[in-house]
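Please read the points below with the sequence and the 3D structure open. They are meant for someone who has not seen this entry before.

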Amino acid sequence: MPRIAILGATGTIGSRLARRLASSGCELVLMGRDPAKLGPLGLELQQPTAVFNPTSSASLEEALT
């Protein structure tokens, strides 16, 4: 099964989507700007996280590798 990246995973929609997909057994990469919010969500869902700057395509590329 492919891994799904969720950009904005700590927002209302992103976190609900992440919880739903994780409960379905999907492999995720939770992505967002704030490591203080990403960390707890990653622990809760037992999924990896990546911090990125949404205004930088290089930051996004680095987070996805």
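1. Basis. This is a predicted model, in which local features need pLDDT of at least 70 and side-chain atom pairs count only at pLDDT 80 or more, while totals for chains, interfaces and linings use all residues. Residues are numbered from 1 along each chain as its sequence is written, and side-chain values use heavy atoms, with hydrogens and water left out.

2. Strands 1 and 2. Helices (H or I, at least four residues) and strands (E, at least two) are DSSP runs, numbered from the N terminus. Between strand 1 and strand 2 the chain passes through helix 1, in a β-α-β crossover that is right-handed. That term applies if, with the strands pointing away from the viewer, the path from the first strand over the helix to the second runs clockwise.

3. Strands 2 and 3. Strand 2 and strand 3 are also parallel, joined by 3 bridges. Methionine 31 has alanine 50 in strand 3 as its bridge partner. Here the chain goes from strand 2 through helix 2 to strand 3, and this β-α-β crossover is right-handed. How many of the 6 residues of strand 2 are buried? The number is 5, so strand 2 is largely enclosed by the rest of the structure. Buried means under 20% relative accessible area, exposed over 50%, and partly exposed in between (1.4 Å probe, protein chains only).

4. Leu38, Leu41, Gly42 and Leu45 are the buried residues of helix 2 (residues 35-45). They lie on the same side of helix 2 because they cover an arc of only 105° around the axis; the arc is that of the directions from the helix axis to the C-beta atoms. The exposed residues Ala36 and Leu43 are carried on the face of helix 2 turned away from its buried side. Helix 1 (12-23), strand 2 (27-32) and strand 3 (49-51) are among the elements that cover the buried residues. Contact here means heavy atoms within 4.5 Å.

5. The ends of helix 2. At its start, a side-chain oxygen of aspartate 34 comes to within 2.9 Å of the backbone nitrogen of alanine 36. A polar contact is a pair of N or O atoms within 3.5 Å; within protein, one must be able to donate a hydrogen and the other to accept it, and residues adjacent in sequence count only if both atoms are side-chain atoms. After helix 2 comes glutamine 46, which has a positive phi, near 55°.

6. Leucine 41. This residue of helix 2 is buried, with a relative accessible area of 6%. Not counting residues up to four places away in sequence, leucine 41 touches Ala9, Thr10, Ser15, Arg19 and Leu30. Its C-alpha atom is separated by 13 Å from that of valine 51, 10 residues apart along the chain.

7. Salt bridges. The whole structure contains 2 salt bridges, each a side-chain nitrogen of Lys or Arg within 4 Å of a carboxyl oxygen of Asp or Glu. One joins arginine 3 and glutamate 27 (3.2 Å, N to O). This pair links distant parts of the chain, with arginine 3 in strand 1 and glutamate 27 in strand 2, 24 residues apart. Arginine 19 and glutamate 44 form a salt bridge with their closest N and O atoms 2.8 Å apart. Arginine 19 is in helix 1 and glutamate 44 in helix 2, so this pair ties together parts that are 25 residues apart in sequence. Arginine 19 is partly exposed at 36% relative accessibility, and glutamate 44 is partly exposed at 47%.

8. Glutamine 47. A polar atom of its side chain lies 2.9 Å from the backbone nitrogen of leucine 28. Leaving aside neighbours within four places in sequence, its contacts include Ala22, Cys26 and Gly42.

Methods: Two strands pair if DSSP finds at least two bridges between them.
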